[in-house]
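Please open the structure in a viewer and follow the selections below in order.

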Amino acid sequence: MTVIDERALKLDPEEARRVRQERFERIGRWGLPLAIMILAIVLWDRICVWNAIPQYILPRPGVVLWTLYNDAGLLFSALLVTLRITFLSLALAVIGGVGLAVLFAQSKWVEMSFFPFAIVLQVTPIVAIFPLINIYVNNQTTKLLLCAWIVAFFPILSNTTLGLNSVDRNLRDLFKLNGATRWQQLRYLRLPAAMPYFLGGLKIAGGLSLIGAVVAEFVAGTTGQSSGLASRIIEAGYRLNAPRLFAALFLISLTGILIFLVLSLISHLILRRWHESALKQER
Amino acid sequence: MMREQVAQAPTAAPALLSLRGVGKVFSNGVTALSDVDLTIREGDFLSLLGPSGCGKSTALRLIAGLSTPTSGVLDWRGGGSLDRANIGFVFQEPTLLPWASVFDNVWLPLRLKGISRARAAPAVKEMLARVHLTGFEDAVPRELSGGMKMRVSIARAMVTKPRVLLMDEPFAALDEITRFKLNNDLLELWQDERFTVVFVTHSVFESVFLSNRVVVMAARPGRVFDELAIEAAYPRDEAFRTSPDYAALCRQASDVLVNAINSTTGPHHDGH
């Protein structure tokens, strides 16, 4: 890439306008959401003050932050419990999703036979399945993992299957011409070709595994068996402890955002060498 | 580099492959090829020239073994089929692995035969040098121009030292300057290595410049219409490209192609 020194070049008005616009857009991408966020928080604070809303209905942002600091021990230990379930279920979703996709890719027949079952699992609300899981599974962690896994594995399965099946026809012919075995074709052609699709699915699954973990805890929490963030929320709800409720909510959102950012970064690092979709940010 | 001043494949060269009465009918009822008789001789640079739909690509796929004929036989050296390891194939698009470096792309055919990176390195490096890509080993395809990608594709096809190189309109998508350069380089490679080329093209000029034999095909049904021997001596260079001989040969081939297009029995005569 060549860097053009704008000052050394005498730009005509059109080009100068374009350069200015690009600079605004660069700043705007970060600056605008940040400004809106700050504005919203300030407005929130003002509404609380102007209307004299009691703390147990809507706490001021400062109070939420203070609670986050005060209850840090309680909240973060709960967050760790939730995170453990989230990451374990994400890992299992990757193993299960990719494993099933590879199995499906071995034969159209297998895919046609079993893909509908994956869809059934996906479209049935997890909250409705949980009572059954509760009956059949004893171990608390296993219960939660199973729930979060059911929610998270589908995008990985569906995307990876699509990726494995969308290999360039000529490349397939090339492998055939060179006498590639099934395993070689999978290892050197189909799996790498499916990588962008898989990473797209992973980004979705990352968020879903957190949602799955929290929802599972919620359902389990009503029977008083969970110690994750969701149970802290339920508890806080019973006690009308709105600040802690908000603090817990804030932690969950923050975790979700962080998971998304980390997965996006991983995806960018893996794809940047070869895939167009990773290049858009550079332009 | 040693080069002969005569055409490389005199008519006396032994037959490498004979197509006898070869036909291909697709399941949708389209007759892609009908009753093709063609003998490819050792060391030929044979072009299949014809309008779209004349079955030239189908013929190439049959030769490659990627497809089987509905009727007729492909007779390799008077019996059996040639080991696929002895065939190199260059597609219309470069068809590279986008995630792999230039080196890894050229290594691929050897890798699939279980040859390690280290053991393949000399052959890969030599082949890259032959297509003038030394120093680009670590580049990935998206960093290369269209012409360079095609060079990688040719290096990949040639790294196994195949006896036959099949090329399916490899330079059709390139600009003229790049195409001329690749034409020259391909000829140089062919003269040094003495392999056999079957080259599918719809360009009269390209086929005449490269080949010692131009087989003109007609469409609906796809069939061999006529054959021209291009007896101009090799090496052919830029001087040949502007010579009156070349212009005369092109006119001759062009006339045959026009006749082939007009002979099409279907309702359309525009070659589309």
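Begin with α3(A) and α6(A), which pass each other in a right-handed crossing. In this predicted model, select residues 72-106 of chain A for helix α3 and residues 140-165 of chain A for helix α6. Their axes come within 7 Å and cross at roughly 40°. Colouring the contact of α3(A) with α6(A) by residue class shows 20 nonpolar residues, seven polar and no charged.

Next, display the whole of chain A. Its secondary structure consists of ten helices and zero strands. The C-alpha atoms of chain A occupy a box of roughly 75 × 70 × 30 Å along the principal axes. The radius of gyration of chain A is 24 Å, whereas a compact globule of 283 residues would have one near 19 Å. Of the 283 residues of chain A, 34% count as buried. Among contacts in chain A with a separation of 6 or more, 76% join residues 24 or more positions apart.

Now bring chain B into view: 15 residues of chain A are in contact with 16 residues of chain B. On the chain A side, select α7 (169-177) and α8 (182-221), the elements that each give two or more residues to the side touching chain B. The most comes from α7(A), with six residues. By class, the residues on this side of chain A are six nonpolar, five polar and four charged.

Finally, colour chain A by pLDDT. The average is 88, and 92% of the residues score at least 70. Over residues 278-283 of chain A the pLDDT is below 50, and this stretch has three contacts in the model beyond near neighbours in sequence. Where pLDDT is low, the predicted coordinates should not be read in detail.

How values were computed
Residues are numbered from 1 along each chain as its sequence is written. Chains are lettered from A and ligands numbered from 1 in the order in which they are written. This is a predicted model: local features need pLDDT of at least 70, side-chain atom pairs count only at pLDDT 80 or more; totals for chains, interfaces and linings use all residues. pLDDT is the predictor's confidence in each residue, from 0 to 100. Two residues are in contact if their C-beta atoms, placed from the backbone, lie within 7 Å. Helices (H or I, at least four residues) and strands (E, at least two) are DSSP runs, numbered from the N terminus. Ala, Val, Leu, Ile, Met, Phe, Trp, Tyr, Cys and Pro count as nonpolar, Asp, Glu, Lys and Arg as charged, and the others, Gly among them, as polar. Axes are lines fitted to C-alpha atoms, for helices over the stretch in contact, and angles run from 0 to 180 degrees between N-to-C directions. A crossing is left-handed if the near helix is turned anticlockwise from the far one by less than a right angle, and right-handed if clockwise. The radius of gyration is taken over C-alpha atoms; the globule rule is 2.2 Å times the number of residues to the power 0.38. A residue is buried if 20 or more other C-beta atoms lie within 10 Å of its own, exposed if 12 or fewer, and partly exposed in between; C-beta atoms are placed from the backbone.
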